Amino acid sequence: MTQTRRGSLTRHDIGLAALAVVDEEGAEALTVRRIAAKLGVQAPSLYSHVDGKDDILELITEIITADIPALELNAANWRDGLLRWARTYHAAFAKHPNAVGIIARRAVTITESRKAYEDVVAMLVEAGFAPAAALRVVLGIDYVVLGSILAPFSPAFDQPLGEDYPALRNAIRATEPSEVDGTAFGESVQAYVSGLPNPA
């Protein structure tokens with residue numbers, strides 16, 4: 001438990017504590033009471049800083065998004081720009097897999113997130129993609145990034161397989177569990193971006 005001095009509590013403190021609760025205990029544990037206990041304060045003291053759970057989820061999203069560095073995007077090399085964005089996006093969110101499930105279902109309201117989407121769509125439009133096509137490309141990156149975090153394969157290594165699945169069993173035995181999800185993400189996003197047609 002982090003002891004917070006009365007009067008020194010900030011919105012950022014609350015966001016960090018909320019993210020720690022989600023990381024350590026899962027999204028279902030995220031309550032104002034649990035966050036307050038993490039900070040060593042009474043639950044009512046949080047309401048002078050946040051408006052409720054939705055506001056707390058915004059803080060969590062802001063904190064994770066702040067880990068994504070700003071990128072210099074160039075329409076002449078849009079494939080490289082997409083890959084760099086996908087990798088930095090994935091790196092930031094993969095640190096907090098328990099948070100992704102609740103964040104992914106929310107509207108994009110964080111200024112930094114909207115700016116990132118704006119910059120990537122603008123790069124693709126400048127490269128020659130129609131606006132709707134550019135958005136579909138960006139959504140495809142979203143699906144690969146968030147899907148790889150929401151549904152990792154590595155837990156399958158904990159499940160014993162009998163003789164009925166020899167190919168799968170041998171493939172799993174030949175794979176390093178700690179690396180399989182990262183490697184599969186990298187290969188998937190590379191294949192997706194490489195396979196995109198050049199804009200007409």
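A residue counts as buried when its relative accessible area is under 20%, as exposed when it is over 50%, and as partly exposed in between (1.4 Å probe, protein chains only). By that rule, 38% of the 200 residues of the protein chain are buried.

The structure is a predicted model, in which local features need pLDDT of at least 70, side-chain atom pairs count only at pLDDT 80 or more, and totals for chains, interfaces and linings use all residues. Residues are numbered from 1 along each chain as its sequence is written, and side-chain values use heavy atoms, with hydrogens and water left out.

**The overall picture**

The protein chain has nine helices and zero strands; helices (H or I, at least four residues) and strands (E, at least two) are DSSP runs, numbered from the N terminus. The C-alpha trace spans about 60 × 55 × 20 Å along its principal axes. A contact means heavy atoms within 4.5 Å. Among contacts between residues at least 6 apart in sequence, 71% join residues at least 24 apart.

| Helix | Residues | Buried residues |
|---|---|---|
| H2 | 32-39 | Val32, Ile35, Ala36, Lys38, Leu39 |
| H4 | 78-94 | Trp78, Gly81, Leu82, Leu83, Trp85, Ala86, Thr88, Tyr89, His90, Ala92, Phe93 |

Start with H2, where Val32, Ile35, Ala36, Lys38 and Leu39 are buried. Seen down the axis of H2, these residues fall within an arc of 155°, so they line one face of the helix. The arc is that of the directions from the helix axis to the C-beta atoms. Helix H1 (11-25) and H3 are included in what covers them. After H2 comes Gly40, with a positive phi near 75°.

Now turn to H4, whose 17 residues reach 24 Å from the first C-alpha to the last, close to the 24 Å expected at 1.5 Å a residue. That expected span is 1.5 Å times one less than the number of residues. The partners of its buried residues are helices H3 (53-65), H5 (97-103), H6 (111-127), H7 (131-150) and H9 (177-195).

**The largest pocket**

Which residues lie nearest the centre of the largest pocket? They are Thr65, Ile68, Glu112, Ser113 and Ala116, out of 29 lining residues. H3, H4, H5, H6 and H7 each supply at least two residues of the lining, and the largest share, seven residues, comes from H6.

Conventions:
1 Å grid on protein atoms, 1.4 Å probe; cavity = no way out; pocket = protein on both sides within 12 Å on 5 of 7 lines; lining within 4 Å.
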